[in-house]
Every structure is written in structure tokens, then in C-alpha cells.
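Subject: Structure handover and notes on one helix

Hello,

Here is the structure for your files. My notes come after it.

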Amino acid sequence: MPDGKAMARNLTPAQKRAVAFAQQQILRARAARKAKDDRQAALSRMWANADREDGVADMANEAERTRVVSGDEGQISLRKVIGEVLRSLRTKDHKTLREVSGKAGVSLGYLSEVERGQKEASSELLVSITQALGVRLSDMLVMVADRVREVEAND
């Protein structure tokens with residue numbers, strides 16, 4: 001049985017190029033896999049840090065959330081509450097805007113605007129987003145109602 005060098009001498013120039021190309025592809029695939037693993041590890045660390053920070057509710061943060069949810073006139077903005085709840089569901093599940101927008105069939109920019117309370121979401125859109133988040137629409141609406149109660153209690 002011939003060794004690797006002996007086999008390489010018997011290859012045509014085209015076969016040698018094909019082998020070199022295949023070796024380059026293998027190296028690229030390994031580098032891509034390593035980069036993906038590094039990104040995933042970084043995301044996992046980021047989510048772990050975010051979970052630790054979210055563990056304790058800060059009173060100043062709560063006051064800021066209430067101020068943002070209540071408009072300048074002191075009225076509660078339902079679209080801002082809905083956006084806040086959707087964002088909280090998404091981040092607790094460690095999903096990115098891109099993942100949810102793709103799964104829900106909504107543009108990334110529009111989903112971002114909904115989460116920031118800048119756009120009013122239709123009921124059909126809310127169904128798509130909640131399904132992408134793995135939550136029932138009714139459960140999300142209960143969370144919105146609970147948040148509105150919290151804000152009203154603080155007023």
C-alpha cells in the first residue's frame with residue numbers, strides 16, 4: 001500500500017489542485033465553526049450576565065420604566081407597555097430581534113419599533129410575534145394588564 005507522498009506523485013495537476021482546494025475548504029469550515037462557537041460562547045456569557053443583573057429589581061429603574069410607559073401627560077401608553085412586555089419575553093428567552101422577526105415574518109426594523117413602543121401592532125402581528133416567542137397571545141395580554149396595574153398603582 002503506497003504512502004501519502006507516493007500517492008500525491010501519481011496525481012495529475014488537476015487532481016492536485018482539487019486536493020488543495022478541498023484542504024482549503026476544510027480549513028475554512030473549521031475556522032467558521034470555531035468563530036460560530038466563539039460567538040455562541042460570547043452570547044451565553046452575555047445572557048448569563050444579563051440574567052444576574054435582572055435578578056434584583058432596582059427602584060430607580062422601576063421609576064424610569066413607569067415614566068417611559070406613562071406619557072408626558074401621565075397617561076399610560078398601551079403600545080409602550082406591549083412593547084416592553086414583548087421585549088422582556090424575547091430577552092428572557094435569549095432570542096435576538098433577528099430570530100424573532102424571521103420566525104414571525106415581520107421586518108426587523110418594524111419589530112424593533114413595536115418593542116420600543118413607536119409603532120402600534122395589529123392583532124395579527126401580535127399573534128405572529130407571540131407565536132415566534134412561544135407564548136400564547138392571551139398570556140402576553142395578561143402580562144400587559146398586570147404591568148398596567150403596576151403603573152396605575154404607582155400613580
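Predicted model: local features only at pLDDT ≥ 70, side-chain atom pairs only at ≥ 80, totals over all residues.

Residues are numbered from 1 along each chain as its sequence is written, and side-chain values use heavy atoms, with hydrogens and water left out.

The helix

Helix H4 covers residues 78-92; helices here are DSSP runs of H or I with at least four residues, numbered from the N terminus. Its 15 residues reach 21 Å from first to last C-alpha, close to the expected 21 Å, where the expected span is 1.5 Å times one less than the number of residues. Buried in H4 are Val81, Ile82, Gly83, Glu84, Val85, Leu86, Leu89 and Arg90 (buried is under 20% relative accessible area, exposed over 50%, partly exposed in between, with a 1.4 Å probe and protein chains only).

The loops on either side

Ser77 sits in the loop between helix H3 (59-69) and H4. Ser77 has a relative accessible area of 14% and is therefore buried. Its C-alpha is 8.2 Å from that of Gly117, 40 residues apart along the chain. After H4 comes His94, in the loop between H4 and helix H5 (97-104). The phi of His94 is positive, near 60°, in a residue other than glycine. His94 counts as partly exposed because its relative accessibility is 31%.

Packing against H8

H4 packs on helix H8 (residues 137-154) at about 120°, with the axes 9 Å apart; axes are lines fitted to C-alpha atoms, for helices over the stretch in contact, and angles run from 0 to 180 degrees between N-to-C directions. The pair is therefore oblique (under 35 degrees is roughly parallel, over 145 roughly antiparallel, 65 to 115 roughly perpendicular, the rest oblique). Leu78, Val81, Ile82, Glu84, Val85, Leu86 and Leu89 of H4 touch Met140, Met143, Val144, Arg147 and Val148 of H8, contact meaning heavy atoms within 4.5 Å. By class, these are 10 nonpolar, no polar and 2 charged residues (Ala, Val, Leu, Ile, Met, Phe, Trp, Tyr, Cys and Pro are nonpolar; Asp, Glu, Lys and Arg charged; the others, Gly among them, polar).

Packing against H6

With helix H6 (residues 108-115), H4 makes an angle of about 115°, with axes 7 Å apart, so the two are roughly perpendicular. Arg79, Gly83, Glu84, Leu86, Arg87 and Arg90 of H4 meet Ser112, Val114 and Glu115 of H6. That contact has 2 nonpolar, 2 polar and 5 charged residues.

Regards
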